[in-house]
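Trainee: I've just opened this one and could use a hand reading it. Can we go through it together, one question at a time?

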Amino acid sequence: MQCTNNMKQLALAMHNYHDSYKSFPAGRGGPHCSYGSADCLVTTDLDTTHNCLWSGIFYIMPYTEHADLYDTYQAWCTTHGGKIPPSWKCTHTANSNIRIKPIEFLRCPSDSNVAIPTDKGVEKTSYTLCRGDTSYSNNQAAGLMQGMFTVLQRHDTAACVDGTSNTAMISEMVTMLSATEVTNASLRAPVKGGIALSLAKNTYSDDPSSCLNYKYASDTAYLNGSQFNTFRGQTRFCGRLNDMGGFVTILPPNSPSCMNGNNYYGDGIYSPQSNHSGGVNVALCDGSIRFVSDTIDCGTLSTATPGRGSTPSTGPSPYGIWGALGTREGGELKAF
């Protein structure tokens, strides 16, 4: 019940943001920040040529009971000549207000790890924003994804051609305790919270079902000998990267996640996950919360993911009802 109430708060904040700006926030946004900068000049909120790292959750903070965090951050920027601190600098005074203070409604009670900060003191969150039905989504250009929260691009409710009650907005993710869970040779990384790394992009993008092969069939752990990361849930502020705070509607809920490469810039299949029995909660764009079963229709998982290279993701999703929920304008007429 508490998790559902948390998601209702997030959905309401998204709609209040929409009332003010006539759109939902971008899945990845923020001003220009070159990596390693001491401070960054504010140029444009959706700078299409630079390293924009704000997450959609950061944008809606003024519409929650923690508006003071956002206000404190903005006040720091104002008094420093319009500059902002790089969002990845956890120790920066302005950033720490948002990245380190516990925020209860961003935590699902079923995930005991979410209340334990990372080794850098960063608080985590249990909730993730929908990118669509493509594995090519981490740094994908604007206009190539069909989810509600895409790169450097905002979408309003009118963009939900499929209907706001048929389009996913927010779901859940499970976090991991620390890197020791995956670096200790005697431990196997859990599927929930972990991401399989260093996989050939064409393997899981040409055949998403291949990602399922990286876990043991009989339990909930990834195969021994594979590489993993622990970034899931580090999305409160600097969370524009999908492995930290995005999900796609390809594999069923609570499936493995697979990433191209071995760092947080890799494209990949990022599955929503929870510790609730049998599925995950999903907030739809009309503000309602639905429980989506692990057995939801996912169409043909051997079909290559759309949105490859410079080709936009368009038309009906190949991934059944689940894929249809992730797209805002696929034109699918599927009952949910």
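Trainee: What share of the contacts with a separation of 6 or more comes from residues 24 or more positions apart?

Mentor: Contact here means heavy atoms within 4.5 Å. Among the contacts in the protein with a separation of 6 or more, residues 24 or more positions apart account for 67%.

Trainee: Before we go on, what am I looking at, and how are residues numbered?

Mentor: This is a predicted model, where local features need pLDDT of at least 70 and side-chain atom pairs count only at pLDDT 80 or more, while totals for chains, interfaces and linings use all residues. Side-chain values use heavy atoms, with hydrogens and water left out, and residues are numbered along each chain as its sequence is written, from 1.

Trainee: How many helices and strands does the protein have?

Mentor: Both are DSSP runs numbered from the N terminus: helices are H or I with at least four residues, strands are E with at least two. On that basis the protein has 8 helices and 13 strands.

Trainee: What percentage of the 336 residues is buried?

Mentor: Buried means under 20% relative accessible area, exposed means over 50%, and partly exposed is in between (1.4 Å probe, protein chains only). Of the 336 residues in the protein, the buried ones make up 56%.

Trainee: In what order do the strands of the open sheet of 5 strands run?

Mentor: Strands pair if DSSP finds at least two bridges between them. In general, the strands of a sheet pair through backbone hydrogen bonds, either parallel or antiparallel. This open sheet has mixed pairing, and its order is S9-S5-S6-S12-S13.

Trainee: Which strands stand at the edges?

Mentor: Look for strands with a single partner strand, so that one side of each is left without a neighbour in the sheet. That picks out S9 (246-248) and S13 (289-293).

Trainee: How does helix H1 sit against the sheet, and what angle does its direction make with that of S6?

Mentor: H1 covers residues 2-21 and packs on the sheet, touching S5, S6 (168-172), S12 (279-284) and S13. Axes are lines fitted to C-alpha atoms, for helices over the stretch in contact, and angles run from 0 to 180 degrees between N-to-C directions. Between H1 and S6 the angle is about 145 degrees.

Trainee: Which residue of S12 is the bridge partner of Ile170?

Mentor: S6 and S12 pair in the antiparallel sense over 2 bridges. S12 is mostly covered, with 6 of its 6 residues buried. The partner of Ile170 in S12 is Ala283.

Trainee: Which residue takes a positive phi in the hairpin of S12 and S13?

Mentor: These two run antiparallel, with 5 bridges between them, and Asn281 stands opposite Phe291 in S13. The hairpin has 4 residues between the strands, and the one with a positive phi near 95 degrees is Gly287.

Trainee: Which residue has its charged end over the ring of Tyr59?

Mentor: Tyr59 is in one aromatic cluster with Tyr17, Tyr21, Phe58 and Tyr63. A charge sits over a ring if NZ of Lys or CZ of Arg is within 6 Å of the ring centre and within 35 degrees of the ring normal. Here the distance from the ring centre is 6.0 Å, and the residue is Arg154.

Trainee: Which residue meets Arg107 in a salt bridge?

Mentor: A salt bridge is a side-chain nitrogen of Lys or Arg within 4 Å of a carboxyl oxygen of Asp or Glu, and the count comes to 2. The N to O distance is 2.9 Å, and the partner is Glu104.

Note on methods. Rings of Phe, Tyr and Trp (its six-membered ring) pair if their centres lie within 6.5 Å; planes under 30 degrees apart count as stacked, over 60 as edge-to-face and the rest as tilted.
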